[in-house]
Amino acid sequence: MKLVLASASPRRLELLARIGIGPTTIDPANIDETPARAELPRGYAQRMAAEKAAAVAPRHPGALVLAADTVVAVGRRILPKAETEDEAAICLALLSGRRHRVHSAVTLVDAKGTARHRVSTTIVTFKRLTEPEIAAYLATGEWEGKAGGYAIQGYAESWVRFLSGSHSGVVGLPLYETRTLLESAGHRLG
């Protein structure tokens with residue numbers, strides 16, 4: 001069965017490969033990802049995954065379409081996908097020594113057009129970060145385009161004091177939830 005990944009994320013592609021899945025096609029949704037006013041982080045992640053899948057599915061009739069979105073949140077505050085060093089520095093200062101949540105939502109649209117949804121919520125606590133640590137991390141460039149201004153699969157993993165939930169969800173695609181959705185749609189896994 002044809003599988004379309006509605007994402008250009010190399011991390012999601014790598015994560016799928018870990019469970020023996022290679023999408024037939026990669027077709028990013030390119031939708032507006034602006035949070036709605038007063039939108040809660042978990043709901044925002046769910047909405048984004050669903051909207052990405054809905055945008056891509058009509059372009060691939062009869063295929064499975066897999067979409068995901070990952071949101072880093074401190075309380076009700078949705079942290080941005082850091083595009084500048086200043087944004088990343090603000091995110092890291094906010095996350096320093098604090099617990100935060102990472103909501104990773106997955107939507108799968110099956111060949112009949114039925115959408116299935118799953119969300120993984122992971123609690124992560126960073127150690128207290130010093131200004132030199134933040135500056136050194138910014139110099140790596142790992143933060144670019146990452147939700148919350150960090151990549152847990154890189155150097156930032158050494159800051160994690162506590163993690164409860166899905167490590168792959170923090171990277172960008174919760175593998176347990178993804179596997180469950182694919183199996184429920186009859187997709188053969190490697």
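Is F126 buried or exposed? I looked it up: F126 has 0% relative accessibility, so it counts as buried (buried is under 20% relative accessible area, exposed over 50%, partly exposed in between, with a 1.4 Å probe and protein chains only).

Ground rules first. This is a predicted model, where local features need pLDDT of at least 70, side-chain atom pairs count only at pLDDT 80 or more, and totals for chains, interfaces and linings use all residues. Residues are numbered from 1 along each chain as its sequence is written, and side-chain values use heavy atoms, leaving out hydrogens and water.

Next I went through the rings. I get four aromatic pairs (Phe, Tyr and Trp rings, the six-membered one for Trp, with centres within 6.5 Å; planes under 30 degrees apart are stacked, over 60 edge-to-face, the rest tilted). F126 and Y150 sit with ring centres 4.8 Å apart and planes at 65°, so I log them as edge-to-face. F126 is in strand β6 (residues 115–126), while Y150 is in the loop between α4 (131–140) and β7 (160–164), 24 residues apart (helices are DSSP runs of H or I, at least four residues, and strands runs of E, at least two, numbered from the N terminus). F126 also pairs edge-to-face with W159, at 5.7 Å centre to centre and 75° between the planes. W159 is buried too, at 1% relative accessibility. Ring pairs join F126, Y137, Y150, Y155 and W159 into a cluster.

Last, I checked R47, which is in helix α2 (residues 41–56). Its relative accessibility is 24%, so R47 counts as partly exposed. Leaving aside residues up to four places away in sequence, R47 touches T34, P35, A36 and E39 (contact is heavy atoms within 4.5 Å).
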